[in-house]
Amino acid sequence: MQTPKNEALSILTSLGVPPLGSSGLAAHSPIDGKLIGHVAETSDVGAVIGRAHAAFKTWRLVPAPRRGELVRLLGEELRAAKDDLGRLVTLEAGKITSEGLGEVQEMIDICDFAVGLSRQLYGLTIATERPGHRMMETWHPAGVCGIITAFNFPVAVWAWNAALALVCGDPVIWKPSEKTPLTALATHAIMQRALKRFGDAPEGLVELVQGGRAVGEALVDDPRVAILSATGSTRMGREVGPRVAARFAKPILELGGNNAAIVAASADLDLALRAIAFAAIGTAGQRCTTLRRLFVHESVADAFIPKLAKVYASVAIGDPRKQGTLVGPLIDRGALDGMQKALDEARAMGATVHGGGVHDDFGAVASYVTPALVEMPKHDGPVLRETFAPILYVLRYSDLDAAIELHNSVPQGLASSIFTTDLREAERFMSAAGSDCGIVNVNIGPSGAEIGGAFGGEKETGGGRESGSDAWRGYMRRATNTINYSNALPLAQGVTFDVG
Ligand code: NAD
C-alpha cells in the first residue's frame with residue numbers, strides 16, 4: 001500500500017490540481033499523521049468577493065433551468081471522479097473507503113436533486129380581497145453565498161450548498177476547513193471542468209478561498225455576501241451567527257449535535273444493535289449526527305447492553321483504506337485528547353467505560369482509538385456536551401415520557417431515533433411532545449440522512465436547513481406581487497383615501 005502522501009499527491013495530479021506549494025496551510029493525513037503538503041492561503045478575500053458579486057449581476061438573469069445545466073454537468077464530472085475524490089476524502093479526513101465514496105455519492109445525489117429543482121422554484125398564487133387583482137409570490141436569486149465548512153464532511157457540505165445556490169442564481173464562495181484543504185482543491189478542479197463544458201458562466205461564479213478563521217470572518221462580515229452558510233461547532237456558530245445577523249444577511253447555521261436514541265421494550269433488538277453500531281461508531285464518531293446518548297428500557301437493558309459491548313470490542317480499527325476496517329483515525333491529537341478528557345470525567349462520576357483506549361501502535365502522531373461505550377449513573381457532565389469522538393453514553397429508563405424529557409434536556413437539537421415496534425410510542429416520539437430535534441427517526445439510527453429531506457437542527461444546532469425539501473428557499477429572496485388589472489383602485493382593509 002502506498003503512503004498516504006504519495007497516494008494523495010497522485011490523485012491530485014490525476015484530477016488536474018497544480019502542484020502543492022511549500023508554505024501556507026499544512027495538510028496532513030490522519031492515517032499516519034504525516035504532512036502531505038502545503039496549500040497557499042488566500043490573501044485578498046475582498047477581491048474574490050468582488051468577482052463573485054460581479055458574477056451575480058449576470059448569473060441571476062440566466063434562466064434557472066439553464067443554471068441547472070451547470071449543476072447537471074457538475075454531477076457528471078463527479079460521477080467520473082467519484083473513485084479519486086472518495087479516496088482523497090479517506091486520505092485527508094480518515095473516513096473508511098465506503099464512507100469516502102458515500103460522501104461523493106451524496107454530492108452526486110444533491111446535483112441530481114438540484115437539476116430537477118431548477119425547474120421547480122415555485123411561488124404561490126394567493127387569493128386577494130380586492131376585485132380585479134392578482135397576488136403571487138416570486139422567488140429571486142439572493143446574492144453571493146458564502147459557504148464555510150467543517151473537516152468531517154469536507155466535500156459533501158459544499159455540494160449541498162453550492163448545488164442549490166447555483167440553481168437559485170447565487171454565486172458561491174467556499175471556505176473549507178483548514179484541516180481539509182486538499183479535498184477542496186480537488187473538488188474545485190472538478191468544478192472547473194463542469195464550468196468549461198458549460199461555456200459561458202461568468203467569471204467569479206464559483207470561488208474557493210483557503211485559510212483559517214480570519215478568512216472565514218472576511219466572508220462573515222462582508223456586506224456583499226448575502227447568504228452565509230456555516231457548518232461547524234456551536235462555538236463557531238456563536239461567533240458567526242450574531243455577526244451575520246448584525247448586518248441582516250441570511251444565515252444558514254449547521255452546528256453541533258448531541259444526538260440520542262431510545263431503545264424501547266418492544267424494540268427489534270437485532271435491528272437496533274446494527275443501527276446503533278453504525279450511528280455511534282461509524283466515521284469514528286465524527287459526524288454531526290453521530291449517536292452519542294442511548295436510553296435503553298430497563299426490561300431489555302441487561303440483554304442489550306452486553307451485546308453492544310461485544311460489538312464495541314470486536315470492530316476492526318486501523319487504516320481506513322484497508323478492506324474490513326470499520327473505525328479509522330480521529331482527525332488529530334486534539335480530538336483524541338478531548339475524548340480521553342471526557343472519559344476521565346465520566347469515570348470520576350462513577351461510569352463504567354468499555355473500550356476507549358488509545359492505539360499507540362499506529363505511531364505517536366496518528367490518533368486511533370477504540371470506540372467507548374460508557375454506562376452512566378446519571379444524565380449529566382460530559383453527556384450534555386458534544387465530544388467529537390466515538391463515545392456512546394448509555395442510560396436506563398423505565399418511563400418513556402421521562403426518557404423523552406431527558407432526551408430533550410441537552411442544548412443541541414440535531415438528530416434522534418426511537419427503536420420500537422409499538423405504534424403509540426413511535427408516534428409519541430414524533431409528536432409535538434416528542435423529540436425536539438430537526439431529524440426524528442423510527443427504527444433507523446440518527447445518522448446517514450438522505451439528501452431528499454431538509455437537513456438541520458434546532459436550538460444550539462443553529463436552526464438552518466440545507467439539502468432537500470424546501471431548503472432552497474434559504475438561498476433566494478421572496479417578492480410578494482400584487483397586480484391590479486381593473487380600472488378601479490380599491491385599497492386593502494377597506495381603507496378610503498380620496499384625493500379628489
Ligand atoms: P469548527 O467549528 O472548528 O470549524 C468549522 C469551520 O468554521 C472551519 O472552516 C473554520 O475555519 C471555520 N471557523 C471557525 N471559527 C470561525 C469564525 N469565528 N468565523 C468564521 N469561520 C470560522 O468545526 P470542525 O471541528 O471543523 O467540525 C466539527 C463540528 O462541526 C462539530 O461540532 C460537528 O457537529 C459540526 N458539524 C455540523 C454539521 C451540521 O450539519 N449540523 C455538519 C458537519 C459538522
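Predicted model: local features only at pLDDT ≥ 70, side-chain atom pairs only at ≥ 80, totals over all residues.
Residues are numbered from 1 along each chain as its sequence is written. Local features are reported only at pLDDT of at least 70 and side-chain atom pairs only at pLDDT 80 or more, whereas totals for chains, interfaces and linings use all residues.

The chain is divided into domain 1 (4–255 + 462–480) and domain 2 (259–442), with bounds taken from an automatic or database domain assignment. The centres of the two domains, taken over C-alpha atoms, are separated by 30 Å. Domain 1 gives 15 residues to the contact and domain 2 gives 19 residues; two residues are in contact if their C-beta atoms, placed from the backbone, lie within 7 Å. On the side of domain 1 that touches domain 2, the elements giving two or more residues are helix H3 (64–93) and helix H4 (97–117). Helices (H or I, at least four residues) and strands (E, at least two) are DSSP runs, numbered from the N terminus. This side of domain 1 has five nonpolar, five polar and five charged residues, where Ala, Val, Leu, Ile, Met, Phe, Trp, Tyr, Cys and Pro count as nonpolar, Asp, Glu, Lys and Arg as charged, and the others, Gly among them, as polar.

Helix H3 is not straight: a kink of about 70° is centred on Ala81. The bend at a residue is the angle between axes fitted to the seven residues ending there and the seven starting there. Gly94, which follows H3, has a positive phi near 85°.

The ligand is surrounded by 29 residues, the closest being Ala150, Gly216, Gly232, Glu254 and Cys288; a residue is near a molecule if its C-beta atom, placed from the backbone, lies within 6 Å of it. Both domain 1 and domain 2 give residues to this shell, so the shell lies between them. Its residues divide into 11 nonpolar, 11 polar and seven charged. Helix H7 (213–221) and H8 each supply at least two residues, and the largest share, four residues, comes from H7.

Within H7, Val215, Gly216, Ala218, Leu219 and Val220 are buried. A residue is buried if 20 or more other C-beta atoms lie within 10 Å of its own, exposed if 12 or fewer, and partly exposed in between, with C-beta atoms placed from the backbone. The buried residues of H7 pack against helix H2 (45–59), strand E5 (144–148), strand E6 (172–175), strand E8 (225–231) and H8.

Phe248 has a positive phi of about 55° although it is not a glycine. Phe248 is in the loop between helix H8 (234–246) and strand E9 (250–254) and counts as exposed because it has 8 C-beta neighbours inside 10 Å. Ala284, also not a glycine, has a positive phi of about 50°. Ala284 is in the loop between helix H9 (269–281) and strand E11 (291–297) and is buried, with 31 other C-beta atoms within 10 Å.

Arg134 lies in strand E4 (residues 133–141) and is partly exposed, with 14 other C-beta atoms within 10 Å. Apart from neighbours within four places in sequence, Arg134 is in contact with Thr128, Ile483 and Tyr485. Arg134 and Tyr485 are 351 residues apart along the chain, yet their C-alpha atoms are separated by 7.8 Å.
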